[in-house]
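Morning, everyone. Please look at the screen.

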Amino acid sequence: TKSPHVTLARFRKNARHTDATIVECALAASPLAALALRDVVPSLQLMRSTLTPQGPEYEQIAAVPLGRG
(Lines give C-alpha, C1' and ligand atoms only; values in the text may rest on other atoms or scores of the structure.)
Protein backbone atom coordinates (compact mmCIF):
# COMPACT_ATOMS: atom_id res chain seq x y z
CA THR A 1 0.00 0.00 0.00
CA LYS A 2 1.40 3.35 -0.99
CA SER A 3 0.91 6.41 1.17
CA PRO A 4 2.03 10.01 0.74
CA HIS A 5 5.56 10.53 2.00
CA VAL A 6 8.63 12.68 1.66
CA THR A 7 12.10 11.17 1.48
CA LEU A 8 14.38 13.50 3.41
CA ALA A 9 17.56 11.45 3.17
CA ARG A 10 18.83 8.15 1.85
CA PHE A 11 22.00 6.49 3.16
CA ARG A 12 24.10 3.66 1.82
CA LYS A 13 24.79 0.70 4.12
CA ASN A 14 28.34 1.92 4.72
CA ALA A 15 27.32 5.49 5.67
CA ARG A 16 29.18 7.10 8.55
CA HIS A 17 27.51 8.66 11.59
CA THR A 18 28.87 12.01 10.45
CA ASP A 19 26.85 11.67 7.23
CA ALA A 20 23.65 11.62 9.30
CA THR A 21 24.83 14.59 11.35
CA ILE A 22 25.42 16.63 8.19
CA VAL A 23 21.90 15.83 6.94
CA GLU A 24 20.41 16.61 10.36
CA CYS A 25 22.03 20.06 10.40
CA ALA A 26 20.96 20.80 6.83
CA LEU A 27 17.34 19.83 7.57
CA ALA A 28 17.25 21.89 10.76
CA ALA A 29 18.38 24.96 8.79
CA SER A 30 15.87 24.46 5.96
CA PRO A 31 12.26 25.66 5.61
CA LEU A 32 11.22 22.00 6.04
CA ALA A 33 11.98 22.32 9.76
CA ALA A 34 8.80 24.39 10.20
CA LEU A 35 6.59 22.04 8.16
CA ALA A 36 4.96 20.40 11.18
CA LEU A 37 4.04 23.82 12.52
CA ARG A 38 1.96 24.73 9.44
CA ASP A 39 0.50 21.44 8.29
CA VAL A 40 -1.31 18.62 10.02
CA VAL A 41 1.30 15.91 10.44
CA PRO A 42 0.02 13.30 12.88
CA SER A 43 3.27 11.33 13.15
CA LEU A 44 6.82 11.02 11.97
CA GLN A 45 7.83 7.59 10.72
CA LEU A 46 11.36 6.37 10.12
CA MET A 47 11.29 3.98 7.18
CA ARG A 48 13.87 1.66 5.68
CA SER A 49 13.60 1.26 1.93
CA THR A 50 15.25 -1.55 0.03
CA LEU A 51 15.45 -1.29 -3.72
CA THR A 52 14.61 -4.55 -5.48
CA PRO A 53 14.12 -5.41 -9.18
CA GLN A 54 10.36 -5.36 -8.47
CA GLY A 55 10.53 -1.90 -6.92
CA PRO A 56 11.18 -0.47 -3.46
CA GLU A 57 10.17 -2.35 -0.33
CA TYR A 58 9.43 -0.29 2.79
CA GLU A 59 9.77 -1.29 6.44
CA GLN A 60 8.80 0.96 9.35
CA ILE A 61 11.67 1.22 11.83
CA ALA A 62 10.13 3.68 14.33
CA ALA A 63 7.20 6.06 14.69
CA VAL A 64 6.70 9.14 16.85
CA PRO A 65 3.23 10.66 17.31
CA LEU A 66 3.34 14.43 17.03
CA GLY A 67 0.13 15.13 18.91
CA ARG A 68 -1.55 16.98 16.05
CA GLY A 69 -4.08 15.63 13.64
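A term before we start: a salt bridge here is a side-chain nitrogen of Lys or Arg within 4 Å of a carboxyl oxygen of Asp or Glu. R48 and E59 meet that criterion through their side chains, at 3.4 Å from N to O. The two residues sit eleven apart and link distant parts of the chain: R48 lies in strand β1, E59 in strand β2, residues 55-65.

Now the ground rules. This is a predicted model, where local features need pLDDT of at least 70, side-chain atom pairs count only at pLDDT 80 or more, and totals for chains, interfaces and linings use all residues. Residues are numbered from 1 along each chain as its sequence is written, and side-chain values use heavy atoms, with hydrogens and water left out.

Let me set out the fold. The chain has two helices and two strands. In sequence order the pattern is α-α-β-β. These elements are DSSP runs numbered from the N terminus: helices are H or I with at least four residues, strands are E with at least two.

How do β1 and β2 pair? They run antiparallel, over ten bridges. Pairing requires that DSSP finds at least two bridges between the strands. Two residues separate β1 from β2, and the strands form a hairpin. Let me pick out some partners. M47 has Q60 as its bridge partner in β2. L46 stands opposite A62, also in β2.

Stay in β2 for I61. Which residues does I61 touch, beyond its neighbours within four places in sequence? The answer is L46, M47 and R48. Contact means heavy atoms within 4.5 Å.

Next, exposure. Buried means under 20% relative accessible area, exposed means over 50%, and partly exposed is in between, with a 1.4 Å probe and protein chains only. I61 has a relative accessible area of 40%, so it counts as partly exposed.

How many salt bridges does the structure hold? Two. The R48 pair you have seen. In the other, D19 joins R16, with the closest N and O atoms 3.3 Å apart. Are these two residues buried, partly exposed or exposed? R16 has 56% relative accessibility, so it is exposed. D19 is at 22%, which means partly exposed.

Over to the nonpolar side. L44, V64 and L66 form a surface patch, with about 260 Å² of accessible area together. Patch members have over 30% relative accessible area and no salt bridge; like charges are joined within 9 Å, nonpolar side chains (Val, Leu, Ile, Met, Phe, Trp, Tyr) within 5 Å. L44 belongs to strand β1, residues 43-52. Why is L44 called exposed? Because its relative accessibility is 53%.

Finally, the whole-chain numbers. Of the 69 residues, 3% count as buried. The accessible surface of the chain is about 6,400 Å², and carbon and sulfur atoms hold 59% of that. Areas come from the Shrake-Rupley method with a 1.4 Å probe; for residues, only the protein chains shown count as cover. Among contacts with a separation of 6 or more, 29% join residues 24 or more positions apart.

That's my tour. Over to you.
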